[in-house]
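Please keep the sequence and the structure at hand while reading.

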Amino acid sequence: MNLVLNLVMQQVPIHINFIGAIIFIGIFFGFFVSYFLIKKSLQNKSPNLFMGFLLLVLSLIMLEGWFNYTGYIFQVLWLTNFSEPLNFVIAPLIYLFMTSQLGDERGRKDGLHFIPFLLWLGYCMFFFTQLEVFKYNDNIRVMQLGIAEISTSEAYAGDPLSIRNYVNIGTIIHIFVYNIILTRRLLIETKKEGVSFFKTTNKALKYLRNSFYHFLIVMVILILVKSNFESDVGDYLIFLYLSFMIFMTAYQIMNDSNYFNQVSNFLEGPVLKYKKSSLEEDNKKIILEAIKDQMQNKKYFTSGTASLSGLAKSINQSSHHVSQVINEKLEMTFFELLASYRVEEAKIILKTDLGKKLTIEEVAERVGYNSKSAFNTAFKKFNSQTPSAFRDL
């Protein structure tokens with residue numbers, strides 16, 4: 001049987017074109033960006049952790065789709081349908097990401113969102129443990145290659161309840177339910193802020209609303225593709241749009257990167273960053289005092305456009321030297337220093353009579369933050385609770 005299977009697999013053409021190349025690049029960027037989002041978010045418990053895992057999941061699903069689209073899946077039959085259970089992870093991760101950005105606390109109950117994934121993963125084990133001939137035939141059917149299936153006398157037990165054909169419908173319903181829940185959640189939040197969902201100027205809500213639009217588009221494309229194409233033939237259209245989302249996410253992260261707010265040599269390693277610095281110890285103390293004066297007395301951190309280069313300019317020093325002093329003397333990055341002062345100032349404001357009347361967004365703006373979500377994230381990092389919870393103590 002294995003000999004026959006190997007001979008037949010050699011007849012399956014490899015299909016590589018421009019669309020396949022775009023999807024492959026999207027997969028590469030997805031893995032690359034998700035790695036850094038997860039790595040950085042684990043340190044400060046940022047809501048972006050869920051975004052990192054979402055990009056990782058989407059990249060894995062796209063990888064299987066790319067194998068199917070190009071025909072390479074017949075070279076790695078053991079990977080057939082490996083990402084199918086991940087269909088039920090997408091919506092929960094979107095929900096957790098968005099509600100975390102809105103300031104919701106995370107807890108053990110969050111694990112309940114992944115019960116459908118675990119159930120389907122368990123059921124898919126019946127298929128995963130089947131012989132490769134069944135996986136070959138499955139791919140021939142769903143990809144409609146017009147190649148004859150291989151007959152076998154072995155009994156197929158990969159779908160004992162005959163429900164695997166309903167996975168696409170189940171995925172659509174699952175995502176649809178979560179979209180309804182998220183729509184209600186966003187409408188409640190915008191009403192609480194006294195703004196319109198469609199015309200809000202609140203940056204945090206605006207970003208979440210636009211992200212929500214993208215996920216709605218994905219659901220619409222999914223429905224259209226599954227309604228107009230049989231099996232998995234039209235899935236490449238979904239993967240093209242997901243690639244576009246990944247490209248835009250990567251662009252946004254690079255565009256907002258802190259790297260551009262500091263002086264750095266090309267391909268300079270972090271360990272060698274200050275090795276050749278000519279800055280003497282006495283000068284470091286002078287710069288440190290100047291930094292503290294700007295932060296404590298002049299409250300430079302309250303500026304919404306505060307930057308390393310701006311701070312350096314205000315004390316007539318180079319950005320490189322200011323960054324070096326902050327790193328070495330305070331054992332922090334510039335943005336960690338900025339956040340620490342902003343959070344301490346916010347704590348003072350929140351305990352005043354005025355602070356109890358202001359909205360959290362107004363408090364955020366007073367200490368230099370342009371978005372409520374960024375303020376909540378920083379506040380929780382330093383105090384293990386949201387600004388609202390701190391104020392209510």
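A helix here is a DSSP run of H or I with at least four residues, and helices are numbered from the N terminus. In this predicted model, helix 16 covers residues 372–383, and Phe375 and Phe379 stand 4 residues apart in it, so about one helical turn separates them. Both of these residues are buried.

**Aromatic pairs**

The count of aromatic pairs comes to 22. One of them joins Tyr69 and Tyr236, and this pair is tilted. Tyr69 belongs to helix 3 (residues 48–70) and Tyr236 to helix 9 (residues 235–255); the two are 167 residues apart, and their pair links distant parts of the chain. Tyr236 has 23% relative accessibility and therefore counts as partly exposed. Phe375 and Phe379 form an edge-to-face pair, because their planes meet at 70° and the cut-off for this class is over 60 degrees.

| Pair | Centre to centre | Angle between planes | Class |
|---|---|---|---|
| Tyr69 and Tyr236 | 5.6 Å | 45° | tilted |
| Phe375 and Phe379 | 5.8 Å | 70° | edge-to-face |

One aromatic cluster is made up of Phe28, Phe29, Phe32, Tyr35, Phe36 and Phe247.

**Charges over rings**

Arg342 lies over the face of Tyr369, 4.8 Å from the ring centre. Lys351 has its charged end over the ring of Phe390, at 4.8 Å from the centre of that ring.

**A serine in helix 13**

Is Ser340 buried or exposed? Its relative accessibility is 16%, so Ser340 counts as buried. Ser340 is part of helix 13 (residues 334–350). Leaving aside residues up to four places away in sequence, Ser340 touches Met332 and Phe382.

Key
Residues are numbered from 1 along each chain as its sequence is written. This is a predicted model: local features need pLDDT of at least 70, side-chain atom pairs count only at pLDDT 80 or more; totals for chains, interfaces and linings use all residues. Side-chain values use heavy atoms; hydrogens and water are left out. Buried means under 20% relative accessible area, exposed over 50%, partly exposed in between (1.4 Å probe, protein chains only). Contact means heavy atoms within 4.5 Å. Rings of Phe, Tyr and Trp (its six-membered ring) pair if their centres lie within 6.5 Å; planes under 30 degrees apart count as stacked, over 60 as edge-to-face and the rest as tilted. A charge sits over a ring if NZ of Lys or CZ of Arg is within 6 Å of the ring centre and within 35 degrees of the ring normal.
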